[in-house]
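Welcome to this short tour. Open the structure in your viewer, and let us go from one stop to the next.

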Amino acid sequence: MAIDGSYPSWARELHSPPNPKSKFASSIQDPPGFSSSATGKRAALAKQQARKPPTPEETDILKVKKSWEVALAPAKQLPMNAIMMYMSGNSLQIFSIMMVFMLFKNPLQGLLQTNQVFAKYETPRTRSKMWVVKAVYVLMNLVALALGIWKVNGMGLLPTTRSDWLAWETQREPLTRTIFAF
């Protein structure tokens with residue numbers, strides 16, 4: 001296809017783009033405070049200074065910090081769970097029952113898997129600090145379980161009154177009998 005004068009200028013430029021200019025030969029000036037020669041120096045300096053690997057002490061510090069984040073995660077879920085339990089109401093409906101089931105299931109799973117959760121953060125140097133972290137994790141899961149018990153009590157499913165245990169009470173024998181005479 002021959003490009004001649006019958007095509008508009010933009011169509012001719014599509015088939016033969018202009019020669020690329022180097023960034024130093026650009027007719028656009030650098031903005032104030034920018035030096036194109038400084039970026040080249042910065043890139044060369046970054047290539048020279050390679051990132052050194054972290055020391056074992058720094059790695060252990062990071063592992064302890066991350067384990068604290070994991071230990072406090074159940075505490076961060078408590079406000080959300082409390083609002084959800086309040087909003088679900090105290091009546092026995094499928095939604096509120098499922099919410100209570102999940103409120104019990106997650107902390108129980110967390111309690112049973114405590115050592116597995118922290119296994120990847122535990123090293124011989126961090127073992128002395130990990131028992132505190134594990135204790136906080138267990139405590140936060142127990143608080144979540146207490147929230148579940150509070151909700152079950154509010155729904156009336158916990159046998160906390162005397163009338164809940166009537167089947168196991170014996171009938172009282174009266175000390176005296178009164179007989180009315182007409």
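Which side chain makes a polar contact with the side chain of Lys 134? Select Lys 134 together with Asn 115: their side chains form that polar contact, at 3.1 Å. A polar contact is a pair of N or O atoms within 3.5 Å; within protein, one must be able to donate a hydrogen and the other to accept it, and residues adjacent in sequence count only if both atoms are side-chain atoms.

Before moving on, a word on what is on your screen. This is a predicted model, in which local features need pLDDT of at least 70, side-chain atom pairs count only at pLDDT 80 or more, and totals for chains, interfaces and linings use all residues. Residues are numbered from 1 along each chain as its sequence is written, and side-chain values use heavy atoms, with hydrogens and water left out.

**Stop one: around Lys 134**

Stay with Lys 134, which sits in helix H6, residues 127–154. Helices (H or I, at least four residues) and strands (E, at least two) are DSSP runs, numbered from the N terminus. Lys 134 has a relative accessible area of 16%, so it counts as buried (under 20% relative accessible area, with a 1.4 Å probe and protein chains only). Now show its partners: apart from neighbours within four places in sequence, Lys 134 is in contact with Thr 114, Asn 115, Phe 118 and Glu 122. Contact here means heavy atoms within 4.5 Å.

**Stop two: the whole protein**

Zoom out and colour by secondary structure. You will find six helices and zero strands. Of the 182 residues, 20% are buried.

**Stop three: H4 against H6**

Select helix H4, residues 94–112, along with H6: they pack at an angle of about 160 degrees, with axes 9 Å apart. That makes H4 roughly antiparallel to H6, a term for angles over 145 degrees. Axes are lines fitted to C-alpha atoms, for helices over the stretch in contact, and angles run from 0 to 180 degrees between N-to-C directions. To see where they meet, show residues including Leu 103, Phe 104 and Leu 108 in H4 and Val 138, Leu 142 and Leu 145 in H6.

**Stop four: H3 against H4**

Finish by selecting Asn 81, Met 84, Met 85 and Ser 88 in H3, which meet Phe 95, Ser 96, Met 99, Val 100 and Leu 103 in H4.

Methods
Buried means under 20% relative accessible area, exposed over 50%, partly exposed in between (1.4 Å probe, protein chains only). Angles under 35 degrees count as roughly parallel, over 145 as roughly antiparallel, 65 to 115 as roughly perpendicular and the rest as oblique.
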